[in-house]
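I opened this model to look up its sheet, its cores and a helix pair. My notes are below.

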Amino acid sequence: MGVHSASELVLAGLDPEQRAAVTAPAGPVCVLAGAGTGKTRAVTSRIAHRALTGEVSPRHVLAVTFTARAAAEMRARLTALGAQGVQARTFHAAALRQVRYFAPRLLAGRAMPELLDSKARVVTLAAARVGLRTDRAAARDLAGEIEWAKSSLVEPGEYVVAAAKALRDTPHEPAKVAEVFAAYERLKRSNGVIDFEDMLRAAVWGIEEHPDVAEQVRGQYRHFVVDEYQDVNPLQQRLLETWLGGRDDLTVVGDASQTIYSFTGATSAYLVDFPRRHRGATVVRLVRDYRSTPQVVGLANAVISQARGTEARLRLELRGQRPTGPEPELRIFTDEPAEAAAVATRCRALVDAGTPAREIAVLFRANAQSEAYEKALTDAEVPYVVQGAERFFERPEVRQAMVALRAATRSIPGDTPLRDAVVEGLSAVGWAPDAAPAGGAARERWEALAALVQLAEEYGASPPVLPIGEAAAVERPVTLADFNDELARRVAQQHVPTVEGVTLASLHSAKGLEWDAVFLVGLSEGTLPTTYARTAEQVEEERRLLYVGITRAREWLWLSYAVARSPGGRARRPSRFLPQLDRSGGGTERAGAGAGPAARRVERRRPQMVPCRICGATLLAGPDRKLGRCPTCPSDIDQGLYERLHDWRARVAGAQKVPAYVVFTDATLVALAERRPGRPEELIAIAGIGPRKLGLYGDPVLALVEGAAVDDVCPEKTFEIEP
């Protein structure tokens, strides 16, 4: 295949906006890409198109992003497009590679300091040095504050003023935090270790202070791409500018509406100001959403349309491209245990109906909310995984399994099919297929090893990825040794396999992921937005968190909150970010500022709580309240009874010369056929049946429920309504 044909193949299937991003001229390019709009495809296609047309050499391109997973996906796509040789790495991985390479030159032969995996241990020691006793949580909070300061280019002596300007909610009195920060820096130096921020600074220092290093780095990397540009912090931006060295062949991709990491020092200011900082920049907007249904997209637009502040200047209105889907559901529960139980029940129903558990997620604002859902899912025997709780390859059972698989290469014949070899190897650690325990920790461990088997199936079935235009390579069976090499590569890149289970994740850790079905839970004031969001900017970031959560859903979306935290607890209000989802008008609109006293009294009046008899959610819409269940909860209707009630209603309406709905509405008939009342008090409990209708129709309806024929309850009989 010729170069021209290969480059045209890269453009095939792109929408007009994506094509504009791919073919934009060299120089500064800003791609504003909404959720689900194919930004990874656009940016990798841009790199490949430039490489295949000879505009750039792949080895001169550096693409940086924020997670090892995103970098691995970018590399795989670039290889498939024929752009081998492009360096696609996280900021930290790229900086570490450069620092290690130049260390002999920069350190005059001294050994490179050890890199800390975690700040917590050194922070604990530093706190003790200044008279602070800390537990694990307190050490983590202090480490986060130090990380913010270093990412924001703030030194220990500048911390107190910088924290005040940034309105930081500090874990201790700011002056004390500054003391811990200074002690932490001294301890690192005395122990000969550095942290990740030091490593980024070392990369900057090596280029800025050593002309020979600058010449070599800038000669190697001439074209730059930055993904998730709204998440860069001042230190990362400084490194990027150092790499560029005044050049402007830079493509950035981001979405200001997904700026949710400001507490770490990330800022969307560089994305917002990109056209001003780079005069003549090409700006492309990607707004066609290929991930979510129009219903989900519409809700996302409704939430973000109310945004205010700097990020709102770059707000994108998405346009859904998928076929129509179900409307998002809003559920209200009496308390959080009821909410968690209902979510678990629905998860169980989705799994039983064929939705893979890995395609379901429960998302919440704070990690502390996870526990209730772990218990509820365990009780419902639904497997789950907690996102970010423990790195997959660091789990004890996974580490033991990898040791067993390496040992198995000595005893399992090399021509054994890969899946069979992996299953046999895992038998040494007690794992067996089709023997999954019930929900809980044991099931979670079993699913982790099952993910290795699934990965083996995928790895064994996938042919080598070849660049466009190359002839097919000679293939050989994939062996267990090959698979062990693949696992080692994934460990190095933290490229984890997909574990079968419902994902429990905070909204922050869910960014960049997507599922078929998403539950957004705990959407009450004080939780989302959190009580710690005190400024207008902080509240707007909480709104963006909800927007990110909504846009994780491909098809099915549930939003819920509990009126009280615990049974009988103090009532709370729903999140201010929730739009009115009740299309029937059963919900209560908020009275505007100009509304009169009567309207405000109506707003304050609490409606009677009518729970769904199946899932427990509070019912808002009139038809749902009559049914006594949510429209999506399973119906247990007696079809024969419904048909008899329908026939009876037609006769009564005809005799009275009134429309059928005057007797009973369709919703009331369905409620009767589902709930099958046996006594007058059960009959009158159904919304829409008051004392008057009970007197008129109670006896024949109860007789029909008992099995009477329509002719038995109204043979030639007319029903007269008293004036």
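The entries run from the whole chain down to single residues.

**Ground rules.** I worked from a predicted model, where local features need pLDDT of at least 70, side-chain atom pairs count only at pLDDT 80 or more, and totals for chains, interfaces and linings use all residues. Residues are numbered from 1 along each chain as its sequence is written, and side-chain values use heavy atoms, with hydrogens and water left out.

**Overview.** I looked up the secondary structure and found 31 helices and 16 strands. These are DSSP runs numbered from the N terminus (helices H or I, at least four residues; strands E, at least two). Of the 723 residues, 50% count as buried. Buried means under 20% relative accessible area, exposed over 50%, partly exposed in between (1.4 Å probe, protein chains only). I then checked contacts, meaning heavy atoms within 4.5 Å. Among contacts between residues at least 6 apart in sequence, 76% join residues at least 24 apart.

**Sheet.** Next I traced an open sheet of six strands, in the order β11-β16-β15-β12-β14-β13, with parallel pairing. Two strands pair if DSSP finds at least two bridges between them. The edges are β11 (329–335) and β13 (384–386), each pairing on one side only. Neighbouring strands are turned by 25 degrees against each other on average, direction ignored.

I stopped at β12 (residues 360–364). How many of its residues are buried? Five of five are. Ile360, Val362 and Phe364 point one way, while Ala361 and Leu363 point the other way. β12 pairs with β15 in the parallel sense over four bridges. It is also joined by four bridges to β14 (residues 502–506), again parallel. One step along, β15 (residues 515–520) and β16 (residues 553–564) pair in the parallel sense over five bridges. There, Val518 has Leu557 of β16 as its bridge partner.

**Cores.** I looked for nonpolar cores, sets of buried Ala, Val, Leu, Ile, Met, Phe, Trp, Tyr and Cys residues joined through side-chain atoms within 4.5 Å. The largest has 42 residues, and those with the most contacts inside it are Val226, Tyr229, Leu239, Trp243 and Leu250. Helix α5 (residues 91–106) gives the most to this core, with seven residues. Apart from it lies another core, of 37 residues, among them Ala307, Leu528, Val539 and Ala553. I also listed what Tyr229 touches: leaving out residues up to four places away in sequence, its contacts include Leu240, Val252, Tyr270 and Phe274.

**Helix pair.** The axes of α15 (residues 294–304) and α23 (residues 536–550) come within 9 Å and cross at roughly 175 degrees. So α15 is roughly antiparallel to α23, a label for angles over 145 degrees. Axes are lines fitted to C-alpha atoms, for helices over the stretch in contact, and angles run from 0 to 180 degrees between N-to-C directions. From α15 the contact uses Val296, Leu299, Ala300, Val303 and Ile304, and from α23 Arg543, Arg544, Leu546, Tyr547 and Ile550. I sorted these residues into eight nonpolar, no polar and two charged.

**Leu167.** My last stop was the loop between α8 (159–165) and α9 (174–191), where Leu167 is found. Is Leu167 buried or exposed? It is exposed, with a relative accessible area of 52%. Leu167 touches Thr535 and Gln538, not counting residues up to four places away in sequence.

Key:
Parallel < 35°, antiparallel > 145°, perpendicular 65-115°, else oblique. Nonpolar A, V, L, I, M, F, W, Y, C, P; charged D, E, K, R; others polar.
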